[in-house]
Amino acid sequence: FPSGKICLKLGFGGQGRFKDGAYGLRHIWEKHRQEISAKSALDIVLFLEKVISAGAEVIIDNTKDPDKPLILESKSGMAVVAINGGNYYITSAYDRKSHKGTVVGNL
């Protein structure tokens with residue numbers, strides 16, 4: 001995987017009939033804010049800064065959608081990352097610290 005920027009898009013949360021395909025800040029806020037103890041959008045950004053840090057493992061999960069195969073995992077939690085052109089964007093984040101898959105490198 002080439003080097004590139006990792007972005008957090010506003011995305012959409014996906015309540016009700018739109019829950020499939022939800023991603024980004026809105027999805028993390030609506031679905032995962034309690035598990036990562038977020039009280040505001042800034043808390044989500046601060047959580048992601050801890051996850052996406054030097055030494056975080058880059059994991060390939062072949063069971064995920066081919067457009068979002070990467071998991072960034074650190075002692076703080078994990079983020080699911082999708083590829084769009086030459087850039088990467090965060091689709092979700094969790095406080096879980098262990099994900100199945102193959103470690104392919106570190107940040």
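Helices (H or I, at least four residues) and strands (E, at least two) are DSSP runs, numbered from the N terminus. With that in hand, welcome to a predicted model, in which local features need pLDDT of at least 70, side-chain atom pairs count only at pLDDT 80 or more, and totals for chains, interfaces and linings use all residues. Residues are numbered from 1 along each chain as its sequence is written, and side-chain values use heavy atoms, with hydrogens and water left out. The chain holds two helices and six strands, arranged from the N terminus as β-α-α-β-β-β-β-β.

**Confidence**

- The chain has a mean pLDDT of 85, and 87% of its residues reach 70 or more; pLDDT is the predictor's confidence in each residue, from 0 to 100.

- Six strands form an open sheet in the order 1-5-4-3-2-6, with mixed pairing; two strands pair if DSSP finds at least two bridges between them.
- At the edges are strand 1 (6-7) and strand 6 (102-106), each of which pairs on one side only.
- Strand 1 runs parallel to strand 5 (residues 87-94), with two bridges between them, and Y88 in strand 5 is the bridge partner of I6.
- Helix 2 packs on this sheet and touches strand 3, strand 4 (77-84) and strand 5, with its direction at about 90° to that of strand 4. Here axes are lines fitted to C-alpha atoms, for helices over the stretch in contact, and angles run from 0 to 180 degrees between N-to-C directions.

- Strand 3 is mostly covered, with five of its five residues buried; buried means under 20% relative accessible area, exposed over 50%, and partly exposed in between (1.4 Å probe, protein chains only).
- L70, L72 and S74 point one way from strand 3, while I71 and E73 point the other way.
- Strand 2 (residues 57-60) is antiparallel to strand 3 and joined to it by four bridges; E57 has E73 as its bridge partner.
- Strand 4 also pairs with strand 3 in the antiparallel sense, over five bridges, and V80 is the partner of I71.
- A hairpin of two residues links strand 3 to strand 4.

**A buried histidine in a loop**

- H99 sits in the loop between strand 5 and strand 6.
- H99 counts as buried because its relative accessible area is 14%.
- Not counting residues up to four places away in sequence, H99 touches I59, D61, K64, I71, E73 and M78, where contact means heavy atoms within 4.5 Å.

**Nonpolar cores**

- The largest nonpolar core has 11 residues, including L25, I28, F47, L48, A79 and I90. Such a core is a set of buried Ala, Val, Leu, Ile, Met, Phe, Trp, Tyr and Cys residues joined through side-chain atoms within 4.5 Å.
- Helix 1 (24-32), helix 2 and strand 5 each give this core at least two residues, and helix 2 supplies the largest share, four residues.
- A second, separate core of six residues includes V58, L70, L72 and Y88.
- Leaving aside neighbours within four places in sequence, I90 is in contact with I6, C7, L8, G24, I28, L48, I52, A79 and V80.

**Whole-chain totals**

- Of the 107 residues in the chain, 37% are buried.
- Among contacts with a separation of 6 or more, 45% involve residues 24 or more positions apart.
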